[in-house]
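Please open the structure in your viewer and get ready to select residues by number. We will go from stop to stop, and at each one you will hear what to select and what is there.

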Amino acid sequence: MQRRTLLQRALVTGTLMAAAALPATTAFAQGSWPTGKAITYMVPFPAGGTTDVLGRLISQKLGTALGTSVVIDNKGGAGGSVGSEIASRAAPDGYTMLGGTVSSHAINVSLYPKIGYDPVTSFAPVTLIGTNPTVLVVPANSPYKTLKDVVEASKAKAGGLSSASAGIGTSQHLSLELLAYKSGVKFNHVPYKGSGPAIQDVIGGQVDMMFDTTVVAAPHIASGKLRAIAVTSPKRLESLPDVPTVAESGVPGLADYSVLSWQAIFVPAGTPAPIVDRLHKEIRTILAQPDMQERLKSFGMQPADMTTAEIAAFQKAEVAKWAQVIKAANIKPE
């Protein structure tokens with residue numbers, strides 16, 4: 001008898017708990033998120049960089065759209081790995097977002113021995129903000145006018161032509177390594193601590209060439225200090241319409257060459273789909289606004305428009321591509 005009574009009580013308790021949970025589920029489905037709690041937008045880089053600036057621009061407008069505050073939290077280190085690891089361990093409840101990049105979510109997993117998170121399985125993609133190709137430049141007085149010229153000259157020179165970069169593992173460096181890997185031609189990589197001193201040495205002729213972002217290189221191209229040889233995007237850029245893509249060069253092995261630095265937004269894996277969908281919709285609306293489009297272009301970025309499924313496929317392809325290049329070139333972190 002006592003056992004029956006306990007069983008009945010357990011059944012009643014379970015029914016009451018299920019009933020109590022039902023309104024919460026229904027309310028969630030009706031869009032109760034966010035509840036007024038602040039959302040953390042984690043930036044895995046120091047303040048002042050592109051990821052940080054984009055995060056602050058988006059967070060201001062997103063907070064208004066969602067009716068709550070969106071707070072930037074900078075956690076820099078190891079090319080974006082430190083902040084990304086912290087974000088990966090946050091509760092998947094819609095109150096943590098992460099500004100991810102090609103470094104933090106495609107390159108670092110192959111570059112560093114251990115980063116503490118999986119760039120694909122630890123996160124769910126929300127939005128691809130935009131992409132930024134690099135451009136191969138040479139000094140204005142360089143004898144090289146085409147990529148074929150560059151490749152042939154590097155073949156003929158012991159050790160290959162010298163090519164500057166902003167540092168080991170950067171998009172500038174990997175643009176060069178992908179060129180070497182696909183063309184089978186050796187180049188002499190010369191890493192610097194940042195794009196500024198690197199590109200100045202290219203302008204001065206101390207280094208033969210350099211891949212750099214359009215943000216950095218475009219003013220020097222416009223002033224006539226540098227000659228643009230090729231861009232690493234799949235299509236020509238509106239800002240440099242006369243500069244061919246690497247793929248257009250006619251060099252064997254480069255027909256599918258493409259390097260894009262990119263900025264995206266992720267949330268921890270397991271974040272409910274309705275929240276991911278809402279964030280995707282709101283952020284896409286924000287990015288489509290004319291002032292945001294102009295800001296993206298001012299960064300030399302090409303606005304992107306992908307579904308979350310397309311972003312996931314794009315990211316997986318990027319992880320695989322850079323893993324292959326990093327292994328083939330035996331690239332080690334600084």
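Select A78 to begin: its relative accessibility is 38%, so A78 counts as partly exposed (buried means under 20% relative accessible area, exposed over 50%, partly exposed in between, with a 1.4 Å probe and protein chains only). A78 sits in the loop that joins strand 2 (70-74) to helix 3 (81-88); helices (H or I, at least four residues) and strands (E, at least two) are DSSP runs, numbered from the N terminus. The model is a predicted one, in which local features need pLDDT of at least 70 and side-chain atom pairs count only at pLDDT 80 or more, while totals for chains, interfaces and linings use all residues. Residues are numbered from 1 along each chain as its sequence is written, and side-chain values use heavy atoms, with hydrogens and water left out.

Stay with A78 and look at its backbone. Most residues other than glycine have a negative phi, and most peptide bonds are trans.

Next, select E334 together with A78. The two are 256 residues apart in sequence, yet their C-alpha atoms are 9.9 Å apart in space. E334 belongs to the segment after helix 11 (308-329). Is E334 buried or exposed? E334 counts as exposed, because its relative accessibility is 72%. Setting aside neighbours within four places in sequence, E334 is in contact (heavy atoms within 4.5 Å) with G167 and I168.

With a relative accessible area of 54%, N330 is exposed.

Now jump to W33 and P34. The peptide bond between them is cis, with omega near -5 degrees. P34 is part of the loop between helix 1 (2-29) and strand 1 (39-43).

Helix 4 is the next stop. Of its 10 residues (102-111), 7 are buried, so helix 4 is largely enclosed by the rest of the structure. To see them, highlight V102, S104, H105, A106, I107, N108 and L111. These buried residues pack against helix 3, strand 3 (96-101), strand 4 (123-139), helix 6 (171-183), strand 9 (260-268) and helix 11. At the start of helix 4, look for a side-chain oxygen of T101 that comes within 3.1 Å of the backbone nitrogen of S103.

Now for the pockets. On a 1 Å grid over the protein atoms alone, a pocket is an open set of points where a 1.4 Å probe fits, with protein on both sides within 12 Å along at least five of seven lines; lining residues have an atom within 4 Å of a point. Select F45, S103, T170, S171 and S261: of the 38 residues lining the largest pocket, these lie nearest its centre. Helix 2 (50-66), helix 4, helix 6, helix 8 (214-222) and strand 9 each give two or more residues to that lining. Which element gives the largest share of the lining of the largest pocket? Helix 4 does, with 4 residues.

For the last stop, select L237, E238, S239, M301 and Q302, which lie nearest the centre of the second largest pocket among its 17 lining residues. Helix 8 brings the largest share of this lining, 5 residues. Helix 10 (290-298) and strand 10 (302-303) each supply at least two.

Conventions:
Polar contact = N/O pair within 3.5 Å; in protein donor to acceptor, adjacent residues only side chain to side chain.
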